[in-house]
Amino acid sequence: MNRVLLHILIFTLFTYIVLAVPLAQTEVPQDDEDDDWDEDESSEADDDGRIYKNPRNSPSSECPRDEEQATILGQKCLRKCSSDEDCKSKKKKCLCDGVCGMSCIKPDRECPELAQPSLGQVTLTGRHFGQRASYSCPHGYHVVGLQSRLCQADGNWAGAEPACKQNIYCLKPPKIEHARNSALPDQETFDLDSTVQYHCHNGYVTNGFPRAKCLAIDGQASWYGPDIQCEPRSCGQPPDPANGWHSGECYTFGCKITYNCGTGYELVGKHERTCQSDGSWTPKELPTCVSNNDTNSTDTKLSL
């Protein structure tokens, strides 16, 4: 009798386990976590080659994407887009994110709380994307640094916290032709010992010292540096086709040359080549000069 009861108990326990486990597995799933902004990291490397869902839409000319400048400024760019349809999550919108251009952004993402500075005060319009933190100083002091900081799509406030100083500070760093620097465009004042790094534009080579530093000498603050020149990259003198020559003596980035053939020869191929930013000529193929007799004989064969 005891043995029968034991078998019944084991069978009942087994039945409960078999029925209970599938029920636990078939619980209603929670909303997927596609609203996490880090979802875009895995596809970031493929952004440059991705095809927009709506071929009529192209990256905005009013809000262009400049990832090189974003890297210089330390800003993380999210997935690029041309419309809301390009974003994985329905909670994201295709909005302008400064130098990162049109990006898939979660509008209600918050930037961190900002503590009140030891001197002066900070006033926030809010902590969501696109809202600002504005700094002010007491009478007799100036805001040195960014007077207003923007909440970016990566969840960080732009730039660093400014400080209230009395008189000695630097204004905007010097401009260098064909170069950009690491200072935020909105920043008007810079504290002593601030440094700015310069980078030549694509297609130009940096020669010299690329940094500037704010220093005070005899009570006057000024930028010292940079000492650079941004020179266009050279493609080198291109070869000439047999029985032909090229016109133009500029062989650096952006320059163009044209090809010509001698008397009795006809140019086959592109007559113009351009020096590109990577130091190569385009098109890569060199045109050829073909004898008119050869072209005439070919035409005769074709007519036959």
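This is a predicted model: local features need pLDDT of at least 70, side-chain atom pairs count only at pLDDT 80 or more; totals for chains, interfaces and linings use all residues.
Figure 1. A disulfide joins C87 to C104, with an S to S distance of 2.2 Å. The torsion about the S-S bond of C87 and C104 is about -95°, so this disulfide is left-handed. C87 sits in the loop between α2 (67–73) and β1 (93–96), and C104 sits in strand β2 (residues 102–105), so the pair ties together parts 17 residues apart in sequence.

**Figure 2. The disulfide of C111 and C151.** The sulfur atoms of C111 and C151 lie 2.2 Å apart in a disulfide. The S-S torsion for C111 and C151 is about 95°, so the link is right-handed. C111 belongs to the loop between β2 and β3 (121–124), while C151 belongs to the loop between β6 (148–150) and β7 (163–165); the pair therefore ties together parts that are 40 residues apart in sequence. C111 counts as buried at 1% relative accessibility. C151 is buried at 0%.

**Figure 3. The disulfide of C170 and C214.** C170 and C214 are joined through sulfur atoms 2.1 Å apart. The S-S torsion of C170 and C214 is 95°, a right-handed link. C170 is in the loop between β7 and β8 (179–181), and C214 is in strand β11 (residues 211–217), so parts 44 residues apart in sequence are tied together. Both C170 and C214 are buried. The count of disulfides in the model is 11.

**Figure 4. The salt bridge of R65 and E67.** The closest N and O atoms of R65 and E67 are 2.7 Å apart. R65 is partly exposed, with a relative accessible area of 23%. E67 is partly exposed at 31%.

**Figure 5. The salt bridge of D191 and K165.** The side chains of D191 and K165 meet at 3.5 Å, N to O. D191 is partly exposed, at 25% relative accessible area. K165 is also partly exposed, at 29%.

Figure 6. E272 pairs with K256, their closest N and O atoms 3.9 Å apart. E272 is in strand β17 (residues 272–275) and K256 in strand β15 (residues 256–261), distant parts of the chain 16 residues apart. E272 is partly exposed, with a relative accessible area of 32%. The model has 6 salt bridges by count.

Note on methods
Residues are numbered from 1 along each chain as its sequence is written. Side-chain values use heavy atoms; hydrogens and water are left out. A disulfide is a pair of cysteine sulfur atoms within 2.5 Å. Helices (H or I, at least four residues) and strands (E, at least two) are DSSP runs, numbered from the N terminus. Buried means under 20% relative accessible area, exposed over 50%, partly exposed in between (1.4 Å probe, protein chains only). A salt bridge is a side-chain nitrogen of Lys or Arg within 4 Å of a carboxyl oxygen of Asp or Glu.
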